[in-house]
Protein chains: 6
Amino acid sequence: MAKIVTFGELMLRLSPPGYTRLFQTNLLEATFGGGEANVAVALANLGEDAAFVTKLPDNAVGQGAVSELRSFGVDVTKIVRGGSRMGVYYCEKGASQRSSTVLYDRAASAIAEAKKSDFDWDRILEGCKWFHITGITPALSEGMADISEDACKAAKAYGATVSCDLNFRKKLWSSQRAGQVMSRLMQYTDICVANEEDAEKVFGISAASTDIEGGKLDHEGYIEVARQLTERFGFKKVAITLRGSISASDNNWAAMLYGGGKAVFSKQYPVHIVDRVGGGDSFCSGLIYSLINGDDDRKAIEFATALSCLKHSIEGDFCRIGLQEVEGLLASGGSGRIQR
Amino acid sequence: MAKIVTFGELMLRLSPPGYTRLFQTNLLEATFGGGEANVAVALANLGEDAAFVTKLPDNAVGQGAVSELRSFGVDVTKIVRGGSRMGVYYCEKGASQRSSTVLYDRAASAIAEAKKSDFDWDRILEGCKWFHITGITPALSEGMADISEDACKAAKAYGATVSCDLNFRKKLWSSQRAGQVMSRLMQYTDICVANEEDAEKVFGISAASTDIEGGKLDHEGYIEVARQLTERFGFKKVAITLRGSISASDNNWAAMLYGGGKAVFSKQYPVHIVDRVGGGDSFCSGLIYSLINGDDDRKAIEFATALSCLKHSIEGDFCRIGLQEVEGLLASGGSGRIQR
Amino acid sequence: MAKIVTFGELMLRLSPPGYTRLFQTNLLEATFGGGEANVAVALANLGEDAAFVTKLPDNAVGQGAVSELRSFGVDVTKIVRGGSRMGVYYCEKGASQRSSTVLYDRAASAIAEAKKSDFDWDRILEGCKWFHITGITPALSEGMADISEDACKAAKAYGATVSCDLNFRKKLWSSQRAGQVMSRLMQYTDICVANEEDAEKVFGISAASTDIEGGKLDHEGYIEVARQLTERFGFKKVAITLRGSISASDNNWAAMLYGGGKAVFSKQYPVHIVDRVGGGDSFCSGLIYSLINGDDDRKAIEFATALSCLKHSIEGDFCRIGLQEVEGLLASGGSGRIQR
Amino acid sequence: MAKIVTFGELMLRLSPPGYTRLFQTNLLEATFGGGEANVAVALANLGEDAAFVTKLPDNAVGQGAVSELRSFGVDVTKIVRGGSRMGVYYCEKGASQRSSTVLYDRAASAIAEAKKSDFDWDRILEGCKWFHITGITPALSEGMADISEDACKAAKAYGATVSCDLNFRKKLWSSQRAGQVMSRLMQYTDICVANEEDAEKVFGISAASTDIEGGKLDHEGYIEVARQLTERFGFKKVAITLRGSISASDNNWAAMLYGGGKAVFSKQYPVHIVDRVGGGDSFCSGLIYSLINGDDDRKAIEFATALSCLKHSIEGDFCRIGLQEVEGLLASGGSGRIQR
Amino acid sequence: MAKIVTFGELMLRLSPPGYTRLFQTNLLEATFGGGEANVAVALANLGEDAAFVTKLPDNAVGQGAVSELRSFGVDVTKIVRGGSRMGVYYCEKGASQRSSTVLYDRAASAIAEAKKSDFDWDRILEGCKWFHITGITPALSEGMADISEDACKAAKAYGATVSCDLNFRKKLWSSQRAGQVMSRLMQYTDICVANEEDAEKVFGISAASTDIEGGKLDHEGYIEVARQLTERFGFKKVAITLRGSISASDNNWAAMLYGGGKAVFSKQYPVHIVDRVGGGDSFCSGLIYSLINGDDDRKAIEFATALSCLKHSIEGDFCRIGLQEVEGLLASGGSGRIQR
Amino acid sequence: MAKIVTFGELMLRLSPPGYTRLFQTNLLEATFGGGEANVAVALANLGEDAAFVTKLPDNAVGQGAVSELRSFGVDVTKIVRGGSRMGVYYCEKGASQRSSTVLYDRAASAIAEAKKSDFDWDRILEGCKWFHITGITPALSEGMADISEDACKAAKAYGATVSCDLNFRKKLWSSQRAGQVMSRLMQYTDICVANEEDAEKVFGISAASTDIEGGKLDHEGYIEVARQLTERFGFKKVAITLRGSISASDNNWAAMLYGGGKAVFSKQYPVHIVDRVGGGDSFCSGLIYSLINGDDDRKAIEFATALSCLKHSIEGDFCRIGLQEVEGLLASGGSGRIQR
């Protein structure tokens, strides 16, 4: 009976220490991560009641993932156990002009091979007020595309708000296939989240004249994208994250929330990056947190942007940030003075 | 044109540090290992010219494996690159009454999905004097069973000595299937290596009244097993390793070599275990090294047992032992006095 | 509504790595531990529904403890938050003739300064079938002596079985004070657990002629102690752990369970020690697990001894052993052969 | 007979590695630190004869602290041993918009519970030329307020120069109490050191219109503060450190020295932060070093600022910087070219 | 028969972890490095066939170096084994205003004490198309000055292109001695590489009015230096790296290539530094790679600068960068967006 | 004015972690060690006033060594600074049948190249009651042989007791040269310490029929050796350590003290080894401690053997054992029960 339910893939994340490359030393840092699980963890750390739904193998690796989620207080009782393996991703942290790299080892994962009958959405979504999914979940396999649609449909039927982060991954599917499948999910979606490129890659809706490399952001272009998305799918709100990538070490980070024909833009933060993976997921988490607690669009976009700004200073996928810290940043403006 | 060629699977090995359990800390020690690769590495460390043949994905994980083998001077030029992923195995080190555990994540590995056309045995085996394989290689898939037979047949045709370690793994195949496939390989095999249980599990040939738990060894029983194996398959020699398992921390280790109707037993070593994985592989390596260099059976079994005794003191799959160290142990008897 | 509830102190445990001494390197391994929490964790790892009750400060250190317990699936909803600090203990691992050392830093801990009103036993013990406490809990302060008695009394009133591990700590209180306070708790206790020395130190009941240093165990003496304890306090069962200390690296480990006038002794295990802290706690856990699931005394003492034998191979206070592993040891006798 | 004596608290500092949060991994980096000890260490590293006075428990943790100080050549012969525990502080390093956090665990520490009779100031201060204390020392307890006054008075009587860093900590005491106690110490103080906020928090003397968040510094305001402080307490010199906090990763760092009615401002350094804890302490150290060696105000403020600028690049509380490195920075201007 | 041969010193590199100082913790990171070996490794990582020639002791340290080189696929068959020891260098990473420091421990190294007869240049250089050396090699000893000249002469005789990085080290020799010896090598050199200071330090040819501390670069000055060098020694091309040192954490990085009377300047990269050691070596590697593959000057200088820009983000001496990554940077301009 | 002075070599010790081999991982544990320094440290840890004399380079490595010694409270004021480098030794820990190995890199060390004029023995030995040296010191170079004799002679002249551990190292000198040089030192020696082999290797005095590999000890043989040594050199006492090497993991450890025509043998301890380097040095330390404090031979040999038994459980060269721990072992007999 969790208030917020997220559904998707959880992977073992293996990273070489610091800025070393894979196998430069004999150690790998082993954590877990995945877009939808990241959202559940971030919400639990903010004090919300959140459940994560996936399928994990019934072995020590799957159990490690369950224990890790449980440590944050995420409700894991709806996780299905079975299948042969858990996806793995190898993540090298970039620096300066060297990009971070992510190498996926997802073949034959339990979640990609999950069956419709694995998930009893009536039982899972009982009492759910908010359901969150991303474009990665339906991209995992044809079966998962169908199951994702089932889930969204059921959530909608239960009266939950449905949010979806487009999260296009070109290694998982083509733009064409993504467009077809995601369009099916969009009919149940209330809040659509995208980064600067997703709308174009998935639906061919582009922000004219945006220069994502240069770190400059074109407000009008993003409003136009949000307007077109809203027209096509009837969303209540569209949120777009705006990452100005100066280098792998430094980014500018801001976001826009569009709804009811109006757009609000957040403050832009110059972030010195510790780990940028999960930045977008923490943005979704902040947005859900703020909206489910009744904030208006201005407050919601500032909260979501501040939370995700702070995530960039955290190692690993999971957003280990408490409510007080977000409020502190909103109040102080981010000078980073020591707290003692 | 390597003198010795081994063929099989190489996996990424992930182990939690020391005696911790999986995910008890956030670190995993990442190395590589696999029965046939272990043999190639051990032989290279003894100064032999050895090549390892497998199929590895053309990504950073596969490249890590290649670099690691290359660091030992193993010839990696015959490794085929392609396929989607590399097998992984998770290994927890046991202690006292707690057994070591090995969790395999082999689904969809490049080598299991390899095709006949991936390997040009004429090119690979040119100049080869000794070919080594284990029962794991044909167990990986039906295709690999056929490819393994091709390899043995080609090696035989080139005049190489063929050695095979039965290495039965119940998680890979049934005794029945193993018996069928391995019988096909045995027709090309000159030197058969087995542990106390393999002959029974694979061919139903048992060492009557052997108590493997109690650490007692029944010499007559093992001679009888070797005799039966030789009768059925016409081996030149049969070697059997004799592990007396007192606990996960302490084992007795010895071996027998049977050939020409006679058996010689090695000295038995009481080993205090650092890492027992690869113990049998280092035994095969020592046997190959000694026999290819013209030693008689007595010297060969003592050399092989001493090398593999020393392997138990080494972290990881790979046998990082030099020729001098084996000769030192054979000369000193193993008192372990400091060398300075 | 947890089935099993344990009550006591949880401390931050700081240990230098491996066999180094405190501050020999700049690293400390930070985990958590404490007799009663250890029991809750061990039971959760065996699949039982267990809650742990304590008082922890409402800061990042207390939260770290809660998260760690939560990762095992222990019910933490009854933990009271408040107070100024959490106890810390520094633990150096011994080896060979050098003993392990434990240095407590417990002054002014939240649990020692807890008040009666902090714990609402009606709410905490609702639905509880088994309540476990040790002699450390009432030893922490005068207030905790009273609160411990309240807890036992309430548990008894709810129909729960009450078990108590005497766990005498001479640094916390004198034998005289221990005898007075523990006698009050004993009136509610069904199952009393002790080591070779506790009965004498707390109640002056001694096992005549036992030589605990020499590793020899006097069966008759222990039966006599259990008989006297039972006579004085009317226990249903008395369990005594029998540690034969050969060195800091090697111990013999066995136990006795006495009930209904009869004693059963477990198999004795020669254990090569990874970490002996929490050995007695895992014994209690195994005993509770076996008895609450209806086993007879013979099965219960073998199960409890096997579980705690395995604990000695685990780093940290917590018993990270699954049901299958205990059953494996009971079936195999402990040869420690690799599981693959 | 040390030339320079500092008096105060030394704590065990526990920090999670890198930018991880507390208990994100199982490791803590254990060092020691505390304002006055930091000054003694920095001075010893510059080649001065410095003693540190405190009270530490007579156990392995206290001994670890003594050994650490001793490794730098700090005179530890005046440290009193006794009491129950040593204060601990947990320090998470911040990054970008996430602030560093410090969590104190000081209850019942040996130094806070020290008694007047613990310190024989005649013996301790024999031959002392400079005595340094900070506002943390008297804030630890009422007893320590009195003892601090004793110490300053005795130092003054011995003819030593007395320096005091106001170092206001709101978690230790209120502004009101700080003002009362510090005013007593100020009557013995020759050199007063403060950061941008201390003068206002302790004595209600404010730098009008200074925007400490924005990184802008108002020279006139700081001069005004120094003038008022000098008027009220008759200091020989007042030094104010000027930290412009851009983020937790980047600060601007400069300082002012006021004396004889004139102020000199140092060069401002843009610092990319490794560890900012102890920045102010290293400033005091540089100031003491320069003044005790007869430098004029201009040289002293540049030396102190350069030393403390370099401290920001050092892990831990202690300023591990040699004289040559400060002189190198003063000469080069800080381009950070490799030294080889 | 390697296509590219480099000749020089390889040292064991010992670095304290992260930004700690030497012996601040008990760990040292042990890798290997040296100007000419770095070039061979970088070229092997780009896919070229490269051999490294040196003399290393025939012990476990020398073998560790050989294995490390071998892991990259560098041809190590021409390394001479013998001598008493291998040079060591201790490297502390700087940050902000604190410079990186390098402490050499080269006395009595095998390479410095090498004899002419150790190297059979006919055998070594057979089939060589490009020979690379730096000013460190002849600086190691008088014998090495002669041997270096032999090598260059032989390479020239075999028709190889000879490149030389001036690489002046004031701790190894005086400007005067460097000028004499390097002039002898210059007569065989086709491509001369230098940093902003080398030409002046070695040959007294200066770039008038260049302010290397201020990060500003004077194009005309560098062209003038290249012109003078070309006039004096008849080089085909002169390359000059242009490092603008803002701090130990941030540099600007660019380069110039002069040939046929014309100069081309690369793009300038603002680099946030992970490890700057080996930056110049990776520049040489990129230049060799590009020129040996037929690129024009414009492409060559951009390739070399991009590769060496990326090297600054890599831990250790060795340039662990693949061809695709350089091409990615040249295409993208360095925004460092995550690759997934 | 230290009471006890030791003189010799201090080296940087580099060890791969745990049981890994050199360069198996990228980490080395960096500590310091050397026979005579080990004795000074052990004595300081027992509470004695001890100084260590050597020559160390005036760089960061030499300073690291000084700081480490200083942390134990060893008097370092008599260490001479200068010379080009510090000796290094690489130490791989053995296990089971694999011996520990030590690889020395001592060429051109400051101490080996020290000159007579470096040491002012009058100043150094003022107030000295006991002077200790080992056979390593004079073996370092011809100069050091002379300097060692100077030191012994001066100590004798000052009335100090002189102890010498023969400590024969075949990699440093031949038996013949050792015999010549050590005979010169023996004329000043009061207490001679040797292991089972030293007397034969240095002076050709053998313990007839001793089987050092088998772990059996021949009491009569050792008495005979001590008697012969005493006759030849006129020692007050001769101590011989008796190591029965079962394997690299397990040794038996005992010792004999012979004086006044009588021999006393210590208890024999079965030691499970953590690090055996420095075992003999800790024995010397215990012997010096006990004799300088007036114990009789029986107490002295038991104390020295107990201290050195405990050293085998300590990582690194240095004997980190306090007086209480030795007394605890002497009282308890070594059962290794936890101290809490």
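A polar contact is a pair of N or O atoms within 3.5 Å; within protein, one atom must be able to donate a hydrogen and the other to accept it, and residues adjacent in sequence count only if both atoms are side-chain atoms. The model is predicted, and local features need pLDDT of at least 70, side-chain atom pairs count only at pLDDT 80 or more, while totals for chains, interfaces and linings use all residues. Residues are numbered from 1 along each chain as its sequence is written, chains are lettered from A in the order in which they are written, and side-chain values use heavy atoms, without hydrogens and water.

**View 1. The contact of chain B with chain E.** Five residues from chain B and five residues from chain E take part, contact meaning heavy atoms within 4.5 Å. Six residue pairs are in polar contact here (both at pLDDT 80 or more). The two chains bury about 380 Å² between them, 46% of it on carbon and sulfur atoms; buried area is the accessible area (1.4 Å probe) that two parts lose on being put together, summed over both.

**View 2. The contact of chain A with chain E.** Chain A contributes 29 residues and chain E 22 residues. Together these chains bury about 2300 Å², 50% of it on carbon and sulfur atoms. A:Arg21, A:Gln24 and A:Gln97 supply 27% of the area that chain A buries against chain E, more than any other three residues.

**View 3. The salt bridge of A:Arg21.** A:Arg21 forms a salt bridge (a side-chain nitrogen of Lys or Arg within 4 Å of a carboxyl oxygen of Asp or Glu) with E:Glu325, and the closest N and O atoms are 2.6 Å apart.
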